[in-house]
Amino acid sequence: MTTKQTFADKVIDFNRKLKFSGILPAGFALINPFADNSEATAAMEKFYRKYYNDTHKRKFIIGINPSRHGAGVTGVPFTDTKRLASVLGIIMQQAPTHEVSSVFIYDVIDAFGGAEVFYKKFYINSPFPLAIVRKGKNNRWLNANYYDDKLLLESVTDFMIDSLRKNIALGLYTDEVFVLGKKNAAFLNRLNLEHNFFGRLIVLEHPRYIQQYKAAHRKSYIDKYLTSLAG
């Protein structure tokens with residue numbers, strides 16, 4: 001008798017097989033925590049076994065691409081090592097990381113009812129599921145978004161289309177999807193018109209934007225998230 005794969009099984013398999021074989025423009029690079037960091041792979045597996053060890057369908061929340069201090073280290077979307085430990089109870093031994101988007105997301109998760117309640121209903125990932133960095137001044141590596149550069153976008157678009165299909169196949173509802181960030185939504189809307197991935201795109205301000213530019217109004221943005229997600 002064949003045992004049915006859990007949602008966790010499917011996500012772990014997806015992450016373990018993540019590999020980008022395209023060519024990025026000069027000055028850009030990728031961080032694949034599942035290829036480069038065995039501790040991140042272990043943390044990711046613990047997370048999905050803890051919160052997704054079932055066969056329930058979930059609603060999809062789509063970010064942009066992981067950050068080098070968030071999922072680029074932990075393997076868990078919008079989760080730095082601080083919240084991985086303090087909220088989820090999963091400890092990583094490497095140097096602690098702080099990611100501003102993670103702060104907002106976990107405030108939303110807490111207001112929603114906590115991680116167990118939230119993750120039973122929602123799955124978070126990105127159209128480009130690996131961290132992108134660009135070389136800045138003094139050769140420092142900085143976070144980059146997939147849409148920051150025309151050549152970068154062209155080089156990753158096919159991979160994103162394939163990733164979205166594979167994410168949907170994990171067991172996601174497609175009648176509506178929650179998209180974080182207006183530029184992200186504009187691009188995904190164009191893809192959606194061509195490929196019919198989803199019914200309705202519900203656009204929410206990106207957590208980093210809220211934390212960086214609208215911190216004084218973050219309570220109203222948390223309420224907006226809760227209203228949208230509960231609808």
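Rings of Phe, Tyr and Trp (its six-membered ring) form a pair if their centres lie within 6.5 Å; planes under 30 degrees apart count as stacked, over 60 as edge-to-face and the rest as tilted. By this rule, the count is 25 aromatic pairs. The model is predicted: local features need pLDDT of at least 70, side-chain atom pairs count only at pLDDT 80 or more, and totals for chains, interfaces and linings use all residues. Residues are numbered from 1 along each chain as its sequence is written, and side-chain values use heavy atoms, leaving out hydrogens and water.

**View A. The charged end of Arg-58 sits over the ring of Phe-7.** The distance to the ring centre is 4.9 Å. A charge sits over a ring if NZ of Lys or CZ of Arg is within 6 Å of the ring centre and within 35 degrees of the ring normal.

**View B. Helix α3 covers residues 38–51.** Helices (H or I, at least four residues) and strands (E, at least two) are DSSP runs, numbered from the N terminus. The expected span of a helix is 1.5 Å times one less than its number of residues. For the 14 residues of α3 this gives 20 Å, and the end C-alpha atoms are 20 Å apart, which agrees. Ala-40, Thr-41, Ala-43, Met-44, Phe-47, Tyr-48 and Tyr-51 are buried in α3. They cover an arc of only 165 degrees around the axis, so they lie on the same side of α3. That arc is taken from the directions from the helix axis to the C-beta atoms. Buried means under 20% relative accessible area, exposed over 50%, and partly exposed in between (1.4 Å probe, protein chains only). The buried residues of α3 pack against several elements, including α1 (7–16), α4 (71–74) and β3 (122–125). Contact means heavy atoms within 4.5 Å. At the start of α3, a side-chain oxygen of Asn-37 comes within 3.0 Å of the backbone nitrogen of Glu-39. A polar contact is a pair of N or O atoms within 3.5 Å; within protein, one must be able to donate a hydrogen and the other to accept it, and residues adjacent in sequence count only if both atoms are side-chain atoms.

**View C. Glu-99 caps the N-terminal end of helix α6.** A side-chain oxygen of Glu-99 lies 3.0 Å from the backbone nitrogen of Ser-101. Ser-101 is in α6. Ser-101 has a relative accessible area of 2%, so it is buried. Beyond residues up to four places away in sequence, Ser-101 touches Phe-78, His-206, Pro-207 and Arg-208. The 13 residues of α6 should span 18 Å, and its end C-alpha atoms are 19 Å apart, which agrees. Buried residues of α6 pack against elements including α5, α7 and β6 (176–180). Gly-113 follows α6, with a positive phi near 135 degrees.

**View D. Asn-192 is found in helix α9 (residues 182–195).** Its relative accessibility is 8%, so Asn-192 counts as buried. The side chain of Asn-192 reaches the backbone nitrogen of Phe-197 at 2.8 Å. Not counting residues up to four places away in sequence, Asn-192 touches Phe-197, Phe-198, Gly-199 and Leu-201.

**View E. Asn-196 lies in the loop between α9 and β7 (200–204).** Asn-196 is not glycine, yet its phi is positive, near 55 degrees. Asn-196 has a relative accessible area of 63%, so it is exposed.

**View F. Asn-139 lies in the loop between β4 (131–135) and β5 (141–144).** Its phi is positive, about 60 degrees, although Asn-139 is not a glycine. Asn-139 is exposed, with a relative accessible area of 55%.
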